[in-house]
Amino acid sequence: MLTNKKIVLGVTGGIAAYKAAELVRALIKKGAQVKVVMTKNAKEFITPLTMQTLSKNQVYTDMFVPSEQYDMAHITLADFADAFVIAPATANIIGKIASGIGDDLLSTTIMAQGKPTLVCPAMNDKMLANPVVQENIKKLKKLGYVVMESVEGELACQTKGKGRLPEIEDIVEEIETLLTAKDFKGSKILITAGPTEEPLDPVRFITNLSSGKMGYALAAAARRRGADVTLISGPTNLPVPVDKIIKVRTAKEMHKAVMDHYRKAAIIIKAAAVADYCPTKAATEKIKKEKKTISLELKNNPDIIADVGKNKGRRLLVGFAMETQNLLANAREKLKKKNMDLIVANNLREDGAGFRTDTNVITIIDRSGKAEPLKKMTKMEAADAILDRVKLLMKKSATKK
């Protein structure tokens, strides 16, 4: 997503300035080109040489320098950038931008550009809560700047409160969102993800190997593309990629959550690995190891995607088929039987596909039965590929109205 993207990073004079070095490394690792502008105060916390070494680019620090060093830097940087990021953003720089003041290189450069701009405030909690600072932040948002929420935690002044710089991975995610076309803006998407757990007793349960990575990638990709995403998730250890999440444990809980919310969505993507069976009765106490063998009686869980398919109306319904044999035949049958618009099929035994991997190898099948096999890619890339096919269906559906 950030490959060959050009980022101008503004670093201001707060204690969190040292984290800007981590941000540069993370952006470079993602394939971005980074140029750094440092304020005079920022140089008190971290050296330009550090940022130059990490970015592999000249670091810009002063408005007035000999022309052989850089020419009209505030204009050159504005033309160079695909996006601007200020991290950390102090109360001082926030106030300057909100008031239209350009009295140093960074503030002047911001005044001279009209590119997507991300502001990442970091300061003492009392400074952040100051009504003037809050008013300036509101003004920036109103003017179209994207302002991240500061994080609550231990601050450099040895107090606890809201004011920490957001985590580096969250800033990178927000930059990727900033640079992604909003082709799903206004669309409501319901996504399910992760496994379910079906209790046997208070300490044991039936589950599967799903990590939730594919569903969470879909939620993150849809959010980046401007969708209003609701994520219904079974148990996972993944960072939550969206604001609206409903956490469930069992298939019955997921069924209820989906049936309660799917009518509000225009697109439903069922990426969860829901258990087909659950115990007929869960023991109220731990089952002791008293016998050499025990019998376990199972019953069918509700079929969530089939129930949605019966009542989906004009909504688009996307499902998944994980198989170990007869991949295309089984996937086509499932798509037709459960009234889906698309099904995403993969073979558990194929290298790079399936559970608990960061990659996937998928084949997308439409209602006509046409199968489109895709090469091995990251799950985020696969998520975008799936959303691209959904977008095509949306356009076809719109032309039929």
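Predicted model: local features only at pLDDT ≥ 70, side-chain atom pairs only at ≥ 80, totals over all residues.
**Note on charged contacts in the model**

1. Arginine 249 is partly exposed, with a relative accessibility of 32%.

2. What does arginine 249 meet in a salt bridge? The partner is glutamate 197, with 3.0 Å from N to O. The two residues come from distant parts of the chain, 52 residues apart: glutamate 197 is in the loop between β8 and β9 (198-201), and arginine 249 is in the loop between β12 (244-247) and α10 (251-261). Glutamate 197 has a relative accessibility of 15% and counts as buried, whereas arginine 249, at 32%, counts as partly exposed.

3. A salt bridge also joins aspartate 183 to arginine 225, and their closest N and O atoms are 2.7 Å apart. Aspartate 183 sits in the loop between α8 (168-178) and β8 (188-193), and arginine 225 in the loop between α9 (213-224) and β11 (228-233); the pair therefore ties together parts that are 42 residues apart in sequence. Is arginine 225 buried or exposed? Its relative accessibility is 6%, and because the cut-off for buried is under 20%, arginine 225 counts as buried. Aspartate 183 is partly exposed, at 27% relative accessible area.

4. Aspartate 351 and lysine 376 form a further salt bridge, with 3.9 Å between the closest N and O atoms. Aspartate 351 belongs to the loop between β17 (342-347) and β18 (359-360), while lysine 376 belongs to the loop between β20 (371-373) and β21 (377-378), so this pair ties together parts 25 residues apart in sequence. Aspartate 351 is exposed, with a relative accessible area of 64%. Lysine 376 is partly exposed, with a value of 47%.

5. Some salt bridges share partners: Lys30, Glu173, Glu174, Glu176, Arg223 and Arg224 are joined in this way into one network.

6. The charged end of lysine 35 sits over the ring of phenylalanine 80, at 4.3 Å from the ring centre. Lysine 391 is placed over the face of phenylalanine 184, at 5.0 Å from the centre of that ring.

Terms used. Residues numbered from 1 in each chain as written. Heavy atoms only, no water. Lys NZ or Arg CZ within 6 Å of the ring centre and 35° of its normal. Salt bridge = Lys/Arg side-chain N within 4 Å of Asp/Glu carboxyl O. Helix = DSSP H or I, 4+ residues; strand = E, 2+ residues; numbered from the N terminus. Buried < 20%, exposed > 50% of the residue type's maximum accessible area, 1.4 Å probe, protein only.
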